[in-house]
Amino acid sequence: MDTLAHALWTNIAFIKTKAKTRWLGVLFGVLPDIISFGPIFLYTLLLGTRDWMQVSTIGFFSKYTSIVYGITHSLIIFAIVYLILYLITKKHILFLFGWTIHILIDIPTHSKDFYPTPYLYPFNSYPIDGISWAHPTFMIVNYGALVLVYGFLMYKYFRNHKKHHRKI
């Protein structure tokens, strides 16, 4: 899924949490893609080219992206990091689950042909041939669903806000 949609869906998942937890959740919901593709994106900006996917096949970037994408899109790596942090802090760090949400959304929204999600990395992840997030029909449905969900949340907010003011 695209990074903006990851941020918006993760925000919805954390909507009932404290603001700091929600924003950190959103950050962790987009970090897997930023860490994986950010350097390529910046490099293409510096080159003045628009084809960042072509750049991703060049030597260093191809190796970097393959390794980092595997690490940042793995439920196993997430579990290890989460467990280590829990053992250190003795606290459940809720916002880290933005990372899990990212991975779970990516599994069915990536095809085998374009960065299938290596959710069991470093072990063999059986790639799921999902619907490509870049397909125009999927983009329309995805962003349409986001508009509906945010519209509903705004409706609830304003309805509750209006009720609160009537009581005063």
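Where in the structure does Lys-90 lie?

## Lys-90 and the H5–H6 loop

In this predicted model, Lys-90 is found in the loop between H5 and H6. Its phi is near 60°, a positive value in a residue other than glycine. Lys-90 counts as exposed, with a relative accessibility of 58%, because the threshold for exposure is over 50%.

Most residues other than glycine have a negative phi, and most peptide bonds are trans.

## The loop between H6 and H7

Tyr-115 is placed in the loop between H6 and H7. This residue, too, has a positive phi, near 45°, and is not a glycine. Tyr-115 has a relative accessible area of 19% and is therefore buried, the limit being under 20%.

The loop between H6 and helix H7 (136-167) also holds Pro-122. The peptide bond that joins Tyr-121 to Pro-122 is cis, with omega about 15°.

## Nonpolar cores

The largest nonpolar core consists of nine residues: Ile-77, Phe-78, Tyr-82, Ile-93, Leu-96, Trp-99, Ile-103, Ile-107 and Tyr-119. At least two of its residues come from each of helix H5 (75-89) and helix H6 (97-106). H5 provides the largest share, three residues. Another core, of seven residues, lies apart from this one and includes Met-1, Ile-12, Ile-105 and Trp-133.

Within the largest core, Phe-78 is one of the members. Neighbours within four places in sequence aside, Phe-78 is in contact with Leu-96, Phe-97, Trp-99 and Thr-100. In soluble globular proteins, nonpolar side chains tend to be buried together.

Technical notes:
Residues numbered from 1 in each chain as written. Predicted model: local features only at pLDDT ≥ 70, side-chain atom pairs only at ≥ 80, totals over all residues. Heavy atoms only, no water. Core = buried A, V, L, I, M, F, W, Y, C linked by side-chain atoms within 4.5 Å. Buried < 20%, exposed > 50% of the residue type's maximum accessible area, 1.4 Å probe, protein only. Helix = DSSP H or I, 4+ residues; strand = E, 2+ residues; numbered from the N terminus. Contact = heavy atoms within 4.5 Å.
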